[in-house]
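Student: Hi! Could we walk through this model together, one piece at a time?
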Amino acid sequence: MTAALTPLSVLIAIFGAVLGSAIGSFLNVVVHRVPAGRSVITPASACPRCGRSIRGFDNVPVLSWFVLRGRCRDCDAPIPIRYPVVEAVTAVLFVLVAFRFLPTTAGAPSTLTGQIGQIGLLVVLLYLMACSVALALIDLETHTLPNRIVLPMYPIVALLLVGVTIATGDWGALVRGAVGAVLLGGGYLALALAVPRGMGLGDVKLAGVLGLVLAYLGWGPLAVGAFAAFLLGGSFGIGLLLLRRASRSSGIPFGPWMLAGAWTGVFSGATIWDAYLRLIGLA
């Protein structure tokens, strides 16, 4: 499904970029505070050196960093470039998701309920993308996938998908999603029990919700998303070994590769799966 460049789609893309950059700004707070067990709501963001609260006009995503030249207005402490990078990357990712799943694309549902359902699916995927960015950064830094982020994903995604299903009437997709959650979560649990040092329980918990979303989209996205995680993660690990940047006993966070694999399934899973079935003569 490719988005048509209509005025409406351009407006939605702009809205996605603005929303994504704002969400990215919040994700910077999440990545900094959640691993430390701190609230992401209070207190307000402040400079870690001088303690002065960040003014509203100095908290504009991406732009403020350049206006301030990467330094605190009050004490001239450097502001890590990661902050505008996360905001910009999240904005780009939101736009990509919006264009891929806009209800204004060719072949989109023509009925009102169908379009409402696709908008609901877009909300699910934007929420998943926001969580993906936060979890990937946290796992890279701390080698953990915090329960404070992963566990709430289950009821939120499930309720949103129920709403989508009510709009579309495709209850088979919801059942398939539940089965996918059990299959992928159960598969990761088996791996964690078989190889405790190679797979953590955080990965198991994340696998279930990823399986729910991927299988809701179809068996192809689930199969491709699950395989891509190990292909990408394994290739990265082999690359580190060849470059002697890691040993066989080195711990490599797998969460980012699970998420990258899942998004491969979301964007291209159906196409790749259909091509594979044709290749082996089953389609």
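Tutor: Happy to! One definition to start: the expected span of a helix is 1.5 Å times one less than its number of residues. Helices are DSSP runs of H or I with at least four residues, strands are runs of E with at least two, and both are numbered from the N terminus. As for the source, this is a predicted model, where local features need pLDDT of at least 70, side-chain atom pairs count only at pLDDT 80 or more, and totals for chains, interfaces and linings use all residues. Residues are numbered from 1 along each chain as its sequence is written, and side-chain values use heavy atoms, with hydrogens and water left out.

Student: Great. What span should the 31 residues of H4 have, and how far apart are its end C-alpha atoms?
Tutor: Helix H4 (residues 112-142) should span 45 Å at 1.5 Å a residue, and its end C-alpha atoms are 45 Å apart, so the two agree.

Student: What comes just after H4?
Tutor: Histidine 143, which takes a positive phi of about 60°.

Student: And how does H8 do on span?
Tutor: H8 covers residues 219-242, and its 24 residues should span 34 Å; the end C-alpha atoms are 34 Å apart, in agreement.

Student: Which residues of H8 are buried?
Tutor: Buried means under 20% relative accessible area, exposed means over 50%, and partly exposed is in between (1.4 Å probe, protein chains only). The buried residues of H8 are Gly220, Pro221, Leu222, Val224, Gly225, Ala226, Ala228, Ala229, Gly233, Gly237 and Leu240.

Student: What covers them?
Tutor: The cover includes helix H6 (171-194), helix H7 (201-217) and helix H9 (255-279).

Student: Is threonine 271 itself buried or exposed?
Tutor: Threonine 271 counts as exposed, because its relative accessibility is 58%.

Student: New topic: how many salt bridges are there?
Tutor: A salt bridge here is a side-chain nitrogen of Lys or Arg within 4 Å of a carboxyl oxygen of Asp or Glu. By that rule the count is 4.

Student: Why would such side chains pair at all?
Tutor: Side chains of opposite charge can pair when their charged atoms come close.

Student: Which residues are linked in a network?
Tutor: Arg52, Arg55 and Asp74 are linked by salt bridges. Between aspartate 74 and arginine 52, the closest N and O atoms are 3.7 Å apart. Aspartate 74 lies in the loop between helix H2 (63-67) and helix H3 (82-101) and arginine 52 in the loop between H1 and H2, so this pair ties together parts 22 residues apart in sequence.

Student: And arginine 55?
Tutor: Its side chain meets that of aspartate 74 at 2.9 Å, N to O. That pair also links distant parts of the chain, 19 residues apart, with arginine 55 in the loop between H1 and H2.

Student: Where else do side chains meet in a salt bridge?
Tutor: Aspartate 58 and arginine 73 do, at 2.7 Å from N to O. Aspartate 58 is in the loop between H1 and H2 and arginine 73 in the loop between H2 and H3, 15 residues apart. Aspartate 58 is buried, as its relative accessible area is 10%, whereas arginine 73 is partly exposed at 44%.

Student: Let's jump to threonine 165. Where is it found?
Tutor: In helix H5 (residues 147-168). Threonine 165 counts as buried, because its relative accessibility is 0%.

Student: What does it touch?
Tutor: Taking contact as heavy atoms within 4.5 Å, and not counting residues up to four places away in sequence, threonine 165 touches Asp170, Trp171, Leu174 and Tyr216.
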